[in-house]
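Subject: Structure handover

Hello,

Here is the structure I promised to pass on. Please open it first, then read the notes below.

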Amino acid sequence: MSNRKKVWFEDAQRKLDPGLVEQLRNSRKVDQNETINNEIPLIVYMKKGCERGKKDDLLKACNIDSHNKLHRELRSINAMKGYLTPDRIQQIKDHEAVDRIFYDRIVTAFLDIASEQTGAFKVQEQLGLTGKDVTIAVIDTGVHAHADLTDPTNRIVAFQDFINGESEPYDDNGHGTHCAGDAAGNGSLSNGKYIGPAPEASIIGIKVLDEQGSGRLSTIIEGIEWCVDHKEEHNIRIISLSLGAPAYESFRDDPLSLAAQSAWHQGIVVCAAAGNDGPTASTISTPAIDPFIITVGSTNDQNTLERTDDAIAEYSSRGPTIDTLVKPDVYAPGTNIISLSAPGSALESQIPEMIIDENYIQLSGTSMATPICAGIIALMLEANPNLSPNDIKSILKATSHPTLDDIWGYIEAESAVDMAKNYTRQGSAEAIQER
């Protein structure tokens with residue numbers, strides 16, 4: 001039996017999350033005395049009902065020099081973001097205002113280097129539904145002002161940049177632009193060939209990932225909170241999250257999961273990519289582990305309209321979640337999806353062989369399946385604006401096509417929209433009876 005005395009961060013129990021313990025361990029390898037100014041990005045959960053005086057005392061203890069800063073509130077999860085050195089973390093971990101401290105981990109776009117197939121095209125053609133007056137917020141790498149989003153009218157109704165602070169829409173990576181097109185491209189530059197499920201839906205680009213497609217948990221949370229704050233102003237009904245990080249904690253503690261769940265309870269439908277770590281089981285990422293939001297897996301449609309040969313994509317992450325919950329909730333096409341390209345972006349440089357007809361690019365991943373699902377939800381909300389997030393999720397799961405070898409099936413736009421309309425008729429009948 002080893003008599004080695006535990007280092008302070010190994011004996012902190014639940015005060016420090018496993019990711020932070022690993023960072024502190026790596027820092028200690030460099031400097032046993034922890035005297036270096038190694039700034040570690042953090043999310044600090046405050047204790048519920050924490051008095052203002054205790055919170056102010058914590059901020060005073062943290063904001064002591066340029067290497068230690070706790071400076072921005074993440075109100076949806078009752079936390080603060082910032083960066084602290086190892087010795088400062090040790091000093092404040094047992095502070096009366098601190099509940100738990102998380103490492104502000106890296107989040108990445110889910111890219112693994114089909115409107116007609118889902119039935120969305122029939123909904124557009126036969127019912128005249130296009131997602132009009134429904135806004136989808138794409139929280140990603142930004143959005144390029146592609147003609148398929150701006151012609152004949154500019155449907156990019158807002159843009160918020162948490163990385164570089166720019167005010168005009170742009171996308172230096174290209175991933176977010178592709179996702180926006182997956183949901184709402186109108187095929188303007190392809191004579192309608194590459195059209196998304198909701199070609200008249202409005203798009204908001206929220207840039208939380210950098211040119212390389214990565215960012216911090218806290219930045220994603222800020223993007224989600226921005227959507228909640230501006231929900232009424234822009235009629236934001238859907239958030240599409242084609243990003244994530246490995247899940248080390250229960251959804252009850254995970255910062256990104258809790259932020260997504262908070263938006264859901266504020267009336268915004270949240271769709272999150274399952275991840276691209278399949279076919280291994282128990283690989284669902286955060287925030288997709290959250291039981292409330294809609295977790296989207298990816299299928300391979302073999303480039304055919306028939307569903308008999310479709311299968312869950314090899315790369316699509318499998319459940320159960322870290323909490324042993326069944327996920328994904330629904331599957332959508334995500335393999336070899338052709339959508340909008342952002343000129344001069346990192347993706348165009350990295351995979352030029354995937355560029356199609358100059359204005360489009362072909363990508364695969366649960367990243368693509370998620371906004372396709374979001375676009376179909378926009379059709380449902382156009383058919384019945386009164387649907388709640390829980391209504392949407394129930395309808396999608398109830399109408400999904402049971403052909404895939406999993407608990408839930410393949411998204412089916414026609415049946416989903418039809419059931420959404422039935423909700424409208426039922427509501428109208430009840431209203432008449434009340435009169």
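One definition to begin with: a residue is buried under 20% relative accessible area, exposed over 50%, and partly exposed in between, with a 1.4 Å probe and protein chains only. Now the basis. This is a predicted model, where local features need pLDDT of at least 70, side-chain atom pairs count only at pLDDT 80 or more, and totals for chains, interfaces and linings use all residues. Residues are numbered from 1 along each chain as its sequence is written, and side-chain values use heavy atoms, with hydrogens and water left out.

Salt bridges

A salt bridge here is a side-chain nitrogen of Lys or Arg within 4 Å of a carboxyl oxygen of Asp or Glu. The whole structure holds 22 salt bridges. Some of them follow.

Lys231 pairs with Glu232, with the closest N and O atoms 3.9 Å apart. Lys231 is buried, at 18% relative accessible area. Glu232 is exposed, at 66%.

Glu22 and Arg25 form another salt bridge, at 3.0 Å between the closest N and O atoms. They sit three residues apart in helix 1 (residues 18–30), so about one helical turn separates them. Helices (H or I, at least four residues) and strands (E, at least two) are DSSP runs, numbered from the N terminus. Glu22 is partly exposed at 36%, and Arg25 is partly exposed at 29%.

Lys397 and Asp329 meet at 3.7 Å, N to O. This pair links distant parts of the chain, 68 residues apart. Lys397 lies in helix 13 (residues 389–399), while Asp329 lies in the loop between strand 14 (311–312) and strand 15 (330–333). Asp329 is buried, at 2% relative accessibility.

There is also a network of salt bridges. It links Arg14, Asp99, Arg100, Glu249 and Asp253.

Helix packing

Helix 8 (residues 217–229) and helix 10 (residues 255–265) have axes that come within 9 Å and cross at roughly 5°. Axes are lines fitted to C-alpha atoms, for helices over the stretch in contact, and angles run from 0 to 180 degrees between N-to-C directions. The two helices, helix 8 and helix 10, are therefore roughly parallel (angles under 35 degrees count as roughly parallel, over 145 as roughly antiparallel, 65 to 115 as roughly perpendicular and the rest as oblique). Helix 8 brings Leu217, Ile220, Ile221, Ile224 and Val228 to the contact, and helix 10 brings Pro255, Leu256, Ala259, Ala260 and Ala263. Contact means heavy atoms within 4.5 Å. The residues of this contact are ten nonpolar, no polar and no charged. For those classes, Ala, Val, Leu, Ile, Met, Phe, Trp, Tyr, Cys and Pro count as nonpolar, Asp, Glu, Lys and Arg as charged, and the others, Gly among them, as polar.

Three strands make an open sheet in the order 9-5-11, with antiparallel pairing. Strand 9 (214–216) and strand 11 (243–244) stand at the edges, each with a single partner strand, so one side of each has no neighbour in the sheet. Strand 5 (residues 106–109) pairs with strand 11 over two bridges. Two strands pair if DSSP finds at least two bridges between them. Ala109 stands opposite Leu243 in strand 11.

Two buried residues

Ser202 belongs to strand 8 (residues 202–207). Ser202 is buried, at 15%. Not counting residues up to four places away in sequence, Ser202 touches Val134, Thr135, Ile136, Arg155 and Val157.

Ala420 is in helix 14 (residues 413–434). Ala420 is buried, at 0% relative accessibility.

Best wishes
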